[in-house]
Amino acid sequence: MLYSAVIDTTIISRHALIAVLVTVGVGGQQAFGADEETKAARAEVSSQSVEVTVTAVRTLIAGLDNFRGKICLRVRITNRSDRPIELDNSQFRCTVDSKPGVLQLGVSDPLLIGSQPVTPDNSREGWVAFRVDRAGTTEPKILLEWSSGEDGKAGEAATVTVSINEAVRSHANIHSKRVGPGDRVAVVELHRCVDFLSIGPLTEEFGRLKQMNVRRVVLDIQSDERMTSMFLAGYAWLGSVRVGGEAGRFPIRQQVTSSVQFDEFYVAGLNSTASASYRARIPGLFYGSRADALAGALRPVYERVPLTQALIDLRHPEDGIRRAALEANIDRLNVAELKVVVADARQRGADDLSLVAENLHRVAMPEALTLLNELVRDDRTKVSAAALRSLVQSVSPGARDAVRRYWQDAEDVPERRQRVIEELMNVKDRRYPDLMAEYTEYQLMSYSTAAAASDAKPSADTSSVVPTAEVSRRSVTAAAKKTLRDLLNLLKIQKNSEFIHIARRELLNIAEPNIQDLVVAFVLASGQPADTELVRQYILQRLPSLRRLPDGLTEEQQAKLVQRYGPPGATVKTRFTRELMATIRVHPDAAYTELLLELSQSKAITGTMRGETFRTAVACATDQQLNDIFERFDSLDHKQKNYLLKQYSVLNDSRWLGLAKQTLMSDQSALSDTVSLLRNDGSPEAVQVLIDCLDKLRAASEAAGAVAPKNKKMTTQLLGAVNGSSYPAARRSFNRCMTSSVKQIAALTYNVMIAAYRSVPNRQRSAEVRAVLILKREGKYTEALEKLDLILNDYPWYYNGYVSRASLHLRAGSPQLAFVDLKEADRLSPEDPVIQSLVALTDIRMGRTAAGLASAEEVLRSVPDLATFVRKWTIYNTACVYGRAVEREEAGAKKDKLTSRAMELLLASGDRENGIDDVHHILNDPDLTMFHEHPDWPKFLKIVTENEQKRLELKP
């Protein structure tokens, strides 16, 4: 008989790889503990055996308050037998507290792809995943089971069980050590991400440290998985380990907080870019490296230790300890001690020397400046960069002169000057405005054209400006543009009058449009009186010529001609920018209108920029130019049309409605925006445009017998806009579509109605409307009527409210009041078959039986006999009218005739495509109570029940 022999051996590699080994064989003995016992047990196991090893565990579970999601296991199967084994999906089972998970296929690097053979002395390794679902925050017992299936010799199956909990603990390899003066900081190493399964082992270790009165803890996460399965809940839990770190500081709901907290807590190793924005919200908690976290934890400790102790720890092998000791004590060193520290750092290499260099700015003595002057010229980039960063921040006397000397020495090395400026901007040092102005001037001149003189002023007619030579142009990176923008902003704040003159001088010579835009913004902010003329020249320089392009040219040739009139070297797409258009709108001039209109029709620029250019042209246009634009309305693209319509709708110009109607019927690309404009206008005239277009489409569809494919989208959008209007004419148009002879139109109308059915006049009233429905179902008519009265007092155009109130009046035995409400509802929503059926029902209740029956039959005839929602319920409502008529009649032939017609209608309402399917409704409808004893009622009830079951089966 086969049985399991569990060898309790943990294999931990350099990366803390877990190997939980389970061996299955014939005649094997169970082994425990030491390596010798393990070897002996292996020796006793027969040649027919299998090793199952779990090498990694991942969870894809976002929260910490339950264990619901996916658990992924990397499994290695090693065949130690003398014959092949077959691996199959059915052999693996994962249980969570004895509840089996569901095997998930489709994982990357899968262990199983169908049936896989493993030959003797070979292994197969890959991932298997299971969907798990377990409530609660405590750690569950998780087991992986592998069953060999039927064994051909023994006739029995062998089952191997692996504890995933132990696998997680071994893989996590959590251990801690005390570091720093007096062992005041504990460093806890974790070799997996923080997830549901890591919380338990971590809490155990934190609890042990808490019992030892540890106050400062650094958690060093050394996961090879790069945090792939760490969710925000894990970050939030880490935040809660620090005292005062939970509460509302985290951007997600705190699901589970740590039961152990420390006064100071630091986390290292979380470098995932996906979590960067989250970590930034919690300063002082998350660090990119162990050294950074240790330095943050120990820096305040080293500020209170003797200098002799700090000097000893400057040679500590732990980077973070050396950094903390240096940063906290470098300003306490005398000259001799400082030189010794620098000499030691030189011997240890560039990393230690750069660390010393970047902290020398704290030392206020001339010798520190001498060292920085030497280190800033070091051949090693890391050392020189750290020294420069320290030099520009130095508090030593003469630091400013040293920076300026370095600047002068780098006159022929632009990269060095760039580094100086970058460091000044990074540390926000404002002591060097002259260097910033000089560098910015150099940058502007580097973007200028060689062909233009420094003080040249182009004429207003830029059509004759043609470059005499090809000029090389610097490419502008996002970083360079940002640096220049920051410099200009700084110079603007300083109101540097000398640089304002330089910027004005260079503006028209700059070839790069993005840079020119930055400079013109700077010039305009200076408020100089002559800037208006300068801006005019800048605009004319960037806009194309009015010269008409020859016919017969390709778009590419036209684009090259347009490009010809811009600053030399600029491409046509970058010449025309949002910043240029914004400047024109601030300084509009009718002279730009035609230039902009021509550009807005060019295919040499993007569609977005064409729209931007057109809006700018409208802002510059005179009344006559606007009239000209209206005359060529058909030549505009849909964005331009809608922008023009929007502007004229705001001005309430009478022409815009006619153009809107024309646009709706002729330009599908402008449909959505035009419908939105008309709906938002809300005037009777605007709504009438929507009605006219919808009626025209409905008539065309009914004449053709179907909705043309090109008109389907327009019909749906118009239905949605009309349905949202409270004007009676709009409701009439919508109701006519509901009762259209074309089933497709009726179906579209029904879909629109359902999509907006739950919308009420005000969202704040939606809860009250739902409360009315609940009260009605409970038979509390008086309370429901009181709530409806309040709603209709505030929203007297809410026709559905009148229908609901009329229904309640009928239930309460007040048909006269119901009749008044239904007449108002009929006025607000004319030709609505539901309202008209209720009017007929109310006539019956008020004793006007003949009129009510005639009206009900008329309504039924007005709804085409199609498989539509409105036809189904109109048949049913007509049966309800007959039901009330039967109720008022004495026994006799007339009552029998009315009853026969009622039952005929009821059966017809159910026995049809998508027939009546609401059993609760028909059983509780008081208009049908009199038919419950009729011989055909069971038949009707059975039909409705079957319909309801079909509907429920179709639900996803």
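How many bridges join strand 6 to strand 11, and in which sense do the two strands run? Before I answer, let me say that what we are looking at is a predicted model. Strand 6, which covers residues 92–96, is joined to strand 11 by 5 bridges, and the two run antiparallel. Within that pairing, if you look for Cys 94, you will find that Leu 144 of strand 11 stands opposite.

Let me stay with strand 11, which spans residues 142–147, because "mostly covered" is defined here by burial under 20% relative accessible area: 5 of the 6 residues of strand 11 are buried. Strand 11 also pairs with strand 12, residues 159–163, again in the antiparallel sense and over 5 bridges. In this second pairing, Trp 146 has Val 160 of strand 12 as its bridge partner.

Now I would like to turn to a pair of helices. Helix 35, residues 799–811, and helix 37, residues 833–845, have axes that come within 11 Å of each other and cross at roughly 25 degrees. Since angles under 35 degrees count as roughly parallel, helix 35 is therefore described as roughly parallel to helix 37. The crossing of these two helices is left-handed. On the side of helix 35, the contact is made by Tyr 799, Val 803 and Leu 810, while helix 37 contributes Ile 835, Leu 838, Leu 841, Thr 842 and Arg 845.

Note on methods: Residues are numbered from 1 along each chain as its sequence is written. This is a predicted model: local features need pLDDT of at least 70, side-chain atom pairs count only at pLDDT 80 or more; totals for chains, interfaces and linings use all residues. Side-chain values use heavy atoms; hydrogens and water are left out. Buried means under 20% relative accessible area, exposed over 50%, partly exposed in between (1.4 Å probe, protein chains only). Helices (H or I, at least four residues) and strands (E, at least two) are DSSP runs, numbered from the N terminus. Two strands pair if DSSP finds at least two bridges between them. Axes are lines fitted to C-alpha atoms, for helices over the stretch in contact, and angles run from 0 to 180 degrees between N-to-C directions. Angles under 35 degrees count as roughly parallel, over 145 as roughly antiparallel, 65 to 115 as roughly perpendicular and the rest as oblique. A crossing is left-handed if the near helix is turned anticlockwise from the far one by less than a right angle, and right-handed if clockwise. Contact means heavy atoms within 4.5 Å.
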